[in-house]
Amino acid sequence: MLKFVVLSNAFMGFLKGTKLYSIFTGKCPVCHNESMYKTANPYKLQDTLKMHERCSHCHTKYKIEPSFFYGAMYVSYPVGLFFAGAAFVIAYFGFEASRLNTFFAILVTMIVFMPVIMRLARNIWINFFMKYDPEKDPKVD
Ligand SMILES: [Zn+2]
């Protein structure tokens, strides 16, 4: 487990400065220094979508305009399809499940990963409009 954490931290360090870093970590899309979300764990369901108004490092306002994050709904569709596709491949080809059981596997996957899908969709959506700016990242030397 520790090894996994060290490895994933190394991988994330490698991604820093790219949109993928902000998308996978939920960090501020401009300075990559802090999470946009008030709670790190997306499975605290009443807090899944609670976000800070601004980044305390670079003062970027996340909700650019009213209802900005409604657009994330369009993104959650392909993100959801990706999870459904992965569940299909693993259940149908990996476990050679029947078509009915594959259907249930997809259903359960969609429900279980819903909070992750919603956050990923928001992260991707906001990264369409903002990009990393090293000048606003005080940790860059
Ligand atoms: Zn920031």
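## Secondary structure and overall dimensions

The protein chain contains 5 helices and 0 strands, and its elements follow the order α-α-α-α-α along the sequence. The model is a predicted one. Taken along the principal axes, the C-alpha atoms occupy a box of roughly 55 × 40 × 25 Å.

Of the 141 residues in the protein chain, 19% are buried. When contacts between residues at least 6 apart in sequence are considered, 59% of them join residues at least 24 apart.

## Confidence of the prediction

The mean pLDDT of the protein chain is 93, and 97% of the residues reach a score of at least 70. Among the elements, helix H1, which covers residues 2-15, has the lowest mean pLDDT, at 80. The highest mean, 98, belongs to helix H4, which covers residues 99-112.

## Packing of H3 against H5

Helix H3 spans residues 72-94 and helix H5 spans residues 114-129. Their axes come within 8 Å and cross at roughly 125°. The two helices are therefore oblique to each other, and the crossing of H3 and H5 is right-handed. On the H3 side, the contact is made by Ala-72, Val-75, Ser-76, Val-79, Gly-80 and Phe-83. On the H5 side, the contributing residues are Ile-117, Met-118, Leu-120, Ala-121, Arg-122, Ile-124 and Trp-125. Sorted by class, the contact of H3 with H5 comprises 10 nonpolar, 2 polar and 1 charged residues.

With its neighbours within four places in sequence left aside, Ala-72 is in contact with Ala-121, Arg-122 and Trp-125. Ala-72 counts as buried because 20 C-beta neighbours lie inside 10 Å, and the cut-off for a buried residue is 20 or more.

## Packing of H3 against H4

The axes of H3 and H4 come within 9 Å and cross at roughly 140°. That angle makes H3 oblique to H4, since only angles over 145 degrees count as roughly antiparallel. The crossing of H3 and H4 is right-handed. H3 contributes Gly-80, Phe-83, Ala-84, Ala-87, Phe-88, Ala-91 and Tyr-92 to the contact, while H4 contributes Asn-101, Thr-102, Ala-105, Ile-106, Thr-109 and Met-110. By class, the contact of H3 with H4 holds 9 nonpolar, 4 polar and no charged residues.

Gly-80 and Phe-83 of H3 take part in the contact with H5, and Gly-80 and Phe-83 are also listed in the contact with H4.

His-32 is not a glycine, yet its phi is positive, at about 60°. This residue is located in the loop between helix H2 (19-25) and H3. His-32 counts as buried because 26 C-beta neighbours lie inside 10 Å.

His-59 likewise is not a glycine and has a positive phi, of about 65°. His-59 is placed in the loop between H2 and H3. In contrast to the buried His-32, His-59 is exposed, because 12 other C-beta atoms lie within 10 Å and a residue with 12 or fewer counts as exposed. Ala-72 and His-59 are separated by 13 residues in sequence and by 22 Å in space, C-alpha to C-alpha.

How values were computed. Residues numbered from 1 in each chain as written. Predicted model: local features only at pLDDT ≥ 70, side-chain atom pairs only at ≥ 80, totals over all residues. Axes fitted to C-alpha atoms, helices over the stretch in contact; angles between N-to-C directions. Helix = DSSP H or I, 4+ residues; strand = E, 2+ residues; numbered from the N terminus. Parallel < 35°, antiparallel > 145°, perpendicular 65-115°, else oblique. Left-handed = near helix turned anticlockwise from the far one by under 90°. Contact = placed C-beta atoms within 7 Å. Nonpolar A, V, L, I, M, F, W, Y, C, P; charged D, E, K, R; others polar. pLDDT = per-residue confidence, 0-100.
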